[in-house]
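Have a look at the structure first, then read on.

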Amino acid sequence: MLQKRVIVCLDVRDGKTTKGVRFEGNIDIGDPVEMARAYYEQGVDELVFYDITASSEGRGIMIDVVRRVAEQIFIPFCVGGGIATIDDMRAVLLAGAEKVSVNSQAVRNPRIISEGARRFGNQAIVLGMDALADPQMPSGYRVVINGGRVKTDRDALEWAREAEQLGAGEIVVNSIDADGTRDGYELDVTRTIATGVGVPVVASGGAGVPAHLVDVFERGAADAALVASMVHYGDYTVAAIKDVIAAAGIPVRRVDQRPAV
Amino acid sequence: MKTVVVDYQAGNLRSVETALLHIGVEHEITSDPDRLARAQRIVFPGVGDGAHAMRLLAERELDEALKDRHAAGVPILGICLGCQIVLESTEEGGASCLGLVPGTARRFPPECGKVPHMGWNSVRTRPGHWLFSGLPAGSSFYFVHSYYPAPARAADAIAWCEYGFEFVAAIERGSLVATQFHPEKSGEAGLQVLRNFLEAR
């Protein structure tokens, strides 16, 4: 049976995993390659690296991170952040990523999805979407860009469907309302998109305890769930999160399987 | 022993390459049928459109080279699309394929769930089969595919997986084995499958 995926997300700036801290800017929390390796050993199903580098030197450093991750971990991983052109996509895919993720750039230029899918296959193109609850929109959610700072006139479900038609192979739905709260995923927006498209949907934003993943798989219809701070600060290992998911009767991959007796 | 990875521009070979390097296998990546003719082991990956892949193989005369190597008994490991186009045909574009294994690649019907079948799924393997030796029962592997191999003879199936129904996840015929899943992206279980292929016989 197809298993629900647990995906760890790492924000990378100038070659370091970083975390935004209110009033303090970003603080470095570790080496992304070492962290990736640790999560791999804990049984993470997939990784996402978001490049939040502003400088062009940082871009080169990011490609080097991707290359080193590819040499050490043998599970799929995705790279997002600042992917604006086919050349940007090619660079990270050739460095060893399986997927690239586009977000604000795709809203501004939807052809990046169709062009990327044509060149690299639908399975390689992930749409990242930031959604904000808005009763004025038909689905109840509005697409926002630039990390939530800029509202667009697009409805979240309509945009997800359009991206699927254009060739996105997967959609990450990040709830701006839930992001950073650690109170749980926004189940309604996750379910709205997950049941409204034919491609896998990854829930993002709000995870604080393992039970939140159980909720988003059972009630949010998510195919996968993204976690970040839950695991980055040592509160939980990926294996511990999966123990809780498995105990709820949800199919999940375990790396500690023993041969059948 | 020279291991050759077939490059016919059907997808990115980087992860196959890094996995082989990691397990310490020297290998050559080539699109040259003459080099394939000298290979002692062949890894035949691929993602994308089956009909297009067959055209790419034919343009490079790699289709005949692969048939020839299979007939000669050279060990071949097909991966993903390389587990579909070794069959006689694919429903994808209605293309004729290599015909190393009787059967056809079929598309998942919509009632199976979302297509492509993407993610980790547990696999049931033929008990005692050398390709899966050293693996815990029910190990999971990473899949990304819209078509699945349907070999004509049940005896050619060596692994099975559940997605709405039980489909064949790996096949074997003569010196060829092929997995629908990606061993190069399936963690330690996948690396073990690669080792088993490279160390067999």
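Predicted model: local features only at pLDDT ≥ 70, side-chain atom pairs only at ≥ 80, totals over all residues.

**Chain B as a whole**
- Chain B contains 6 helices and 12 strands.
- Its C-alpha trace stretches about 45 × 40 × 30 Å along the principal axes.
- A compact globule with 201 residues would have a radius of gyration near 17 Å, and the 15 Å of chain B agrees with that.
- Of the 201 residues in chain B, 63% are buried.
- Take the contacts in chain B between residues at least 6 apart in sequence: 71% of them link residues at least 24 apart.

**Surface and charges of chain B**
- Chain B has an accessible surface of about 7,400 Å², and carbon and sulfur atoms account for 47% of it.

- Most residues other than glycine have a negative phi, and most peptide bonds are trans.
- A:Asn146 isn't a glycine, yet its phi is positive, at about 55°.
- You'll find A:Asn146 in the loop between strands E8 and E9 of chain A, and at 28% relative accessibility it counts as partly exposed.
- A:Ala221 also has a positive phi, about 60°, and lies in the loop between helix H8 and strand E12 of chain A.
- Over in chain B, the peptide bond from B:Val115 to B:Pro116 is cis, with omega near 10°.
- B:Pro116 belongs to the loop between strands E6 and E7 of chain B.

Note on methods
Residues numbered from 1 in each chain as written. Chains lettered and ligands numbered in written order. Heavy atoms only, no water. Helix = DSSP H or I, 4+ residues; strand = E, 2+ residues; numbered from the N terminus. Buried < 20%, exposed > 50% of the residue type's maximum accessible area, 1.4 Å probe, protein only. Rg over C-alpha atoms; globule rule 2.2 N^0.38 Å. Contact = heavy atoms within 4.5 Å. Areas by Shrake-Rupley, 256 points an atom, 1.4 Å probe, with all protein chains shown as cover.
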